[in-house]
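Here are some quick notes to read alongside the model. Have it open as you go through the points.

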Amino acid sequence: MAMQSSYISDENYLYYKDLKLDLNKEVVWKGDQALKLFHGEFKVLEYFMRNQGRIISNEELFNNLWDGKSDDFAHTVYIQVSALRRKLGDKPGNPLYIERIVRQGYRLGASTVVGKASVTLPEVKKRPQSS
């Protein structure tokens with residue numbers, strides 16, 4: 001069964017493209033492969049998935065995930081996001097998941113370049129409620 005191409009959420013899971021986050025077990029699946037993420041990386045990905053398509057600044061990430069408890073917020077965020085991107089298989093020049101927006105922050109829902117045209121991934125959708 002193919003994963004949905006956009007963000008979907010229910011009580012225990014978040015989905016984006018081929019990613020599935022199990023919120024109770026703190027496990028991330030990329031396709032059928034479980035990824036080994038540290039707690040901070042998991043929280044960053046969860047935050048991105050809950051805010052898919054929106055540019056999130058370093059300050060916002062830091063304030064929401066670390067409660068301002070570090071002397072060097074930019075470095076803290078950079079290390080966590082870089083490690084997460086590496087584990088997801090993102091390449092800086094061609095991100096599939098997390099895009100760096102210069103002087104603004106990061107965005108889950110990276111635009112992909114096809115030839116000279118830019119294609120933006122689908123917007124947030126919710127899973128239909130079952131009757």
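1. Starting with helix 2 (residues 58-65), its buried residues are Asn58, Glu60, Leu61 and Phe62; buried here is under 20% relative accessible area with a 1.4 Å probe, protein chains only. Helices are DSSP runs of H or I with at least four residues, strands are E runs of at least two, and both are numbered from the N terminus.

2. A word on the source: this is a predicted model, where local features need pLDDT of at least 70, side-chain atom pairs count only at pLDDT 80 or more, and totals for chains, interfaces and linings use all residues. Residues are numbered from 1 along each chain as its sequence is written, and side-chain values use heavy atoms, leaving out hydrogens and water.

3. Now the strands. Strand 2 (residues 13-16) runs antiparallel to strand 3 (residues 19-22), joined by four bridges; pairing takes at least two DSSP bridges. Leu14 has Leu21 as its bridge partner in strand 3. Two residues sit between these strands in the hairpin, and Lys17 has a positive phi near 50°.

4. Strand 3 also pairs with strand 4 (residues 27-30), antiparallel again, over four bridges. Here Asp22 is opposite Val27 of strand 4. This hairpin has four residues between its strands, and Glu26 in the turn shows a positive phi of about 55°.

5. Back to the helices: helix 1 (residues 39-50) packs on helix 2 at an angle of about 115°, axes 11 Å apart. Axes are lines fitted to C-alpha atoms over the stretch in contact, with angles from 0 to 180 degrees between N-to-C directions. Lys43, Val44, Tyr47 and Phe48 of helix 1 meet Glu60, Leu61, Asn64 and Leu65 of helix 2, contact being heavy atoms within 4.5 Å.

Note on methods
Buried means under 20% relative accessible area, exposed over 50%, partly exposed in between (1.4 Å probe, protein chains only).
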